[in-house]
Structure formats: structure tokens, C-alpha cells
Amino acid sequence: QVQLVESGGGLVQAGNSLRLTCAASGRTFETYAMGWFRQAPGKEREFVAAISRSGGSTYYADSVKGRFTISRDNAKNTMYLQMNSPKPEETAVYYCAAARSIGSWYRRRNIDGYDYWGQGTQVTVSS
């Protein structure tokens, strides 16, 4: 079991940057693969980025490659999403998620692959 709490959301102007933080409880954070998802009003929750247990491998949705960076600090039980040049259409609630096991390309990029979720943090991008 792990508890996840997101923070760092808010209002950001297009062209600026924002960093989201996911703080995890417990002593087993390093045993979980982690991911970031987002959900806009009226839309399904979608994959943004993922990172392996050690942080050695990262994965991104095509739409955010080159602009967003996922990272983690296992010593601090913390995961981050650095959002550079976010776009207005990326306004959404952003969620962090933890997975006990991934096992496939599909599960890495879909909500069914994750076991635990945070409450979400609102990100609003203005033009």
C-alpha cells in the first residue's frame, strides 16, 4: 500500500513552466513504477509520462515529448513532472499513479496498469 499526494498545480501562462510533485508514503516507494496521467473536463483520463522503479527508463506520450520531463527521487519518496511550455489544451487535473507491476507496453500507458492514485492537482494554462 502507498498513499500519493500531488501538489504544484495552478494557473500558468502558455510559454512558462510548472513543476508538479507527487509525494508518496511508506518505505517501499522504490518498488513501484510510477506514472502521470491527466483528465480534462468531459474527456477520458489519458497517459502523460511514466518512469521505471529506479528512474533509469522514462516514457512519454507523443504530445508531450521534448517539453515535459518525468523524474523521481527515491530517497525522498517523490516523483516530479517538469512541464515546459504547456499549452492551453493541456489544461486538466493531473494525477500521479503507482504500479506494483507493469509487464506490458499497454499497461505502462493505460490506467488499468496502475494500482494506486493520488487525488489530483488542477493545472490551468492560459494564453
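Ser 57 is partly exposed, at a relative accessible area of 30%, where buried means under 20% relative accessible area, exposed means over 50%, and partly exposed lies in between (1.4 Å probe, protein chains only).

1. On the basis of the note. This is a predicted model, in which local features need pLDDT of at least 70 and side-chain atom pairs count only at pLDDT 80 or more, while totals for chains, interfaces and linings use all residues. Residues are numbered from 1 along each chain as its sequence is written, and side-chain values use heavy atoms, with hydrogens and water left out.

2. Ser 57 sits in the loop between E5 and strand E6 (58-60), strands here being DSSP runs of E with at least two residues, and helices runs of H or I with at least four, numbered from the N terminus. Ser 57 and Ser 71 are 14 residues apart along the chain, and their C-alpha atoms are separated by 9.6 Å.

3. On the four-stranded sheet. Four strands form an open sheet in the order E1-E3-E8-E7, and their pairing is antiparallel; two strands are said to pair if DSSP finds at least two bridges between them. Its edges are strand E1 (4-7) and strand E7 (68-73), each of which pairs on one side only. From one strand to the next the twist averages 15°, with axes taken as lines fitted to C-alpha atoms (for helices over the stretch in contact) and angles running from 0 to 180 degrees between N-to-C directions.

4. On the pairings of E8. Strand E3 (residues 17-24) and strand E8 (residues 78-84) run antiparallel and are joined by seven bridges, with Thr 78 in E8 as the bridge partner of Ala 23. E7 also pairs with E8 in the antiparallel sense, over six bridges, and here Met 79 in E8 is the bridge partner of Arg 72.

5. On the two faces of E7.

6. On two positive phi values. Asn 77, although not a glycine, has a positive phi of about 50°; Asn 77 belongs to the hairpin of E7 and E8, which has four residues between the strands, and counts as buried at 15% relative accessibility. Ser 85, in the loop between E8 and E9, likewise has a positive phi, near 50°, but counts as partly exposed at 36% relative accessibility.

7. On Arg 67. Arg 67 lies in the loop between E6 and E7 and counts as buried, at 14% relative accessibility. Arg 67 and Ala 98 are 31 residues apart in sequence, and 23 Å separates them in space, C-alpha to C-alpha.

8. On the nonpolar core. The largest nonpolar core has 37 residues, and those with the most contacts inside it are Leu 4, Met 34, Trp 36, Met 79, Leu 81 and Tyr 94; such a core is a set of buried Ala, Val, Leu, Ile, Met, Phe, Trp, Tyr and Cys residues joined through side-chain atoms within 4.5 Å. At least two of its residues come from each of E3, strand E4 (33-39), strand E5 (46-51), E7, E8, strand E9 (92-99) and strand E11 (121-126). E9 gives the most, with six residues.

9. On E9 and its partners. Seven of the eight residues of E9 are buried. E4 and E9 run antiparallel and are joined by seven bridges, and Met 34 stands opposite Ala 98 in E9. E9 also pairs in the antiparallel sense with E11 over three bridges, Val 93 standing opposite Gln 122 in E11, and with strand E10 (residues 116-117) over two bridges, where Ala 98 stands opposite Tyr 116.

10. On the lining of the largest pocket. Thirteen residues line the largest pocket, and Arg 38, Ala 40, Glu 46, Glu 89 and Glu 90 lie nearest its centre. A pocket is an open set of points on a 1 Å grid over the protein atoms alone, where a 1.4 Å probe fits, with protein on both sides within 12 Å along at least five of seven lines, and lining residues have an atom within 4 Å of a point.
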